[in-house]
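Look over the sequence and the model first. The report below then walks through them.

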Amino acid sequence: MLVLITAAILSFMIFFPLVVATSIFNVLSEKQASIFLRIFFPKYYLYGFCLSILGLIISILKEEIVSIIFFIFMSTTFVVLRQILTPMINKARSEEHTS
């Protein structure tokens, strides 16, 4: 089960830049793409966080120390990206457009 959760995390992290991002910038204008990405990224990181927490719970139940450390790292990273980095990027982009 832990392998499947890890594969799911890796899959969506690879799928986005290779498929979704290239499609977005080929189809939408820069402004539309920006609006879409501001809505998309918090959900993207929340999905990764939920998968990481699921993996963490299973790792704790199975008492797999390496997996526990891995999923703590992954869940923490998704929280930092969603709660700290994304708002900073959005603020910088907003300031860039108002200047």
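What follows covers aromatic rings, a surface patch, a pocket, a salt bridge and a loop residue.

This is a predicted model, in which local features need pLDDT of at least 70, side-chain atom pairs count only at pLDDT 80 or more, and totals for chains, interfaces and linings use all residues. Residues are numbered from 1 along each chain as its sequence is written, and side-chain values use heavy atoms, with hydrogens and water left out.

**Aromatic rings**

The structure holds 14 aromatic pairs. Rings of Phe, Tyr and Trp (its six-membered ring) pair if their centres lie within 6.5 Å; planes under 30 degrees apart are stacked, over 60 edge-to-face, and the rest tilted. Two of these pairs are set out here.

| Pair | Centre to centre | Angle between planes | Type |
|---|---|---|---|
| Phe 16 and Tyr 44 | 5.2 Å | 50 degrees | tilted |
| Phe 70 and Phe 71 | 4.9 Å | 75 degrees | edge-to-face |

Phe 16 lies in helix 1 (residues 2-27) and Tyr 44 in helix 2 (residues 30-62), so their pair ties together parts that are 28 residues apart in sequence. Helices here are DSSP runs (H or I, at least four residues), numbered from the N terminus. Both Phe 16 and Tyr 44 are buried. Buried means under 20% relative accessible area, exposed means over 50%, and partly exposed lies in between (1.4 Å probe, protein chains only).

Phe 71 is buried, at a relative accessible area of 1%. Phe 70 is partly exposed, at 32%.

Ring pairs also build a cluster. Its members are Phe 12, Phe 16, Phe 36, Phe 40, Phe 41, Tyr 44, Tyr 45, Tyr 47 and Phe 78.

**A nonpolar patch**

Leu 10, Ile 14, Phe 15, Leu 18 and Val 19 make a nonpolar surface patch of about 480 Å². Such a patch joins nonpolar side chains (Val, Leu, Ile, Met, Phe, Trp, Tyr) within 5 Å, from residues with over 30% relative accessible area and no salt bridge. Phe 15 sits in helix 1. This residue is partly exposed, with a relative accessible area of 46%.

**The largest pocket**

The largest pocket has a volume of about 230 Å³. A pocket is an open set of points on a 1 Å grid where a 1.4 Å probe fits, with protein on both sides within 12 Å along at least five of seven lines; lining residues have an atom within 4 Å of a point. Helix 2 gives the largest share of the lining, six residues. Helix 2 and helix 3 (65-98) each supply at least two lining residues. Among the lining residues are Phe 25, Glu 30, Phe 41, Tyr 45 and Arg 93.

Phe 41 belongs to helix 2. Its relative accessibility is 22%, which counts as partly exposed. The C-alpha atoms of Phe 41 and Arg 82 are 7.5 Å apart, across 41 residues of sequence.

**The salt bridge**

How many salt bridges does the structure hold? There is one. Arg 93 pairs with Glu 30, and the closest N and O atoms are 3.6 Å apart. Arg 93 lies in helix 3 and Glu 30 in helix 2, so the pair ties together parts 63 residues apart in sequence. The term needs a side-chain nitrogen of Lys or Arg within 4 Å of a carboxyl oxygen of Asp or Glu. Arg 93 is partly exposed at 25% relative accessibility, while Glu 30 is exposed at 55%.

**A loop residue**

Glu 63 lies in the loop between helix 2 and helix 3. Its phi is near 55 degrees, a positive value in a residue other than glycine. Most residues other than glycine have a negative phi. Glu 63 is exposed, at 66% relative accessibility.

How values were computed. Patch = residues over 30% accessible without salt bridge, like charges linked within 9 Å, V, L, I, M, F, W, Y side chains within 5 Å. Areas by Shrake-Rupley, 256 points an atom, 1.4 Å probe, with all protein chains shown as cover. Points joined across faces, edges and corners; volume = space filled by probe spheres on them.
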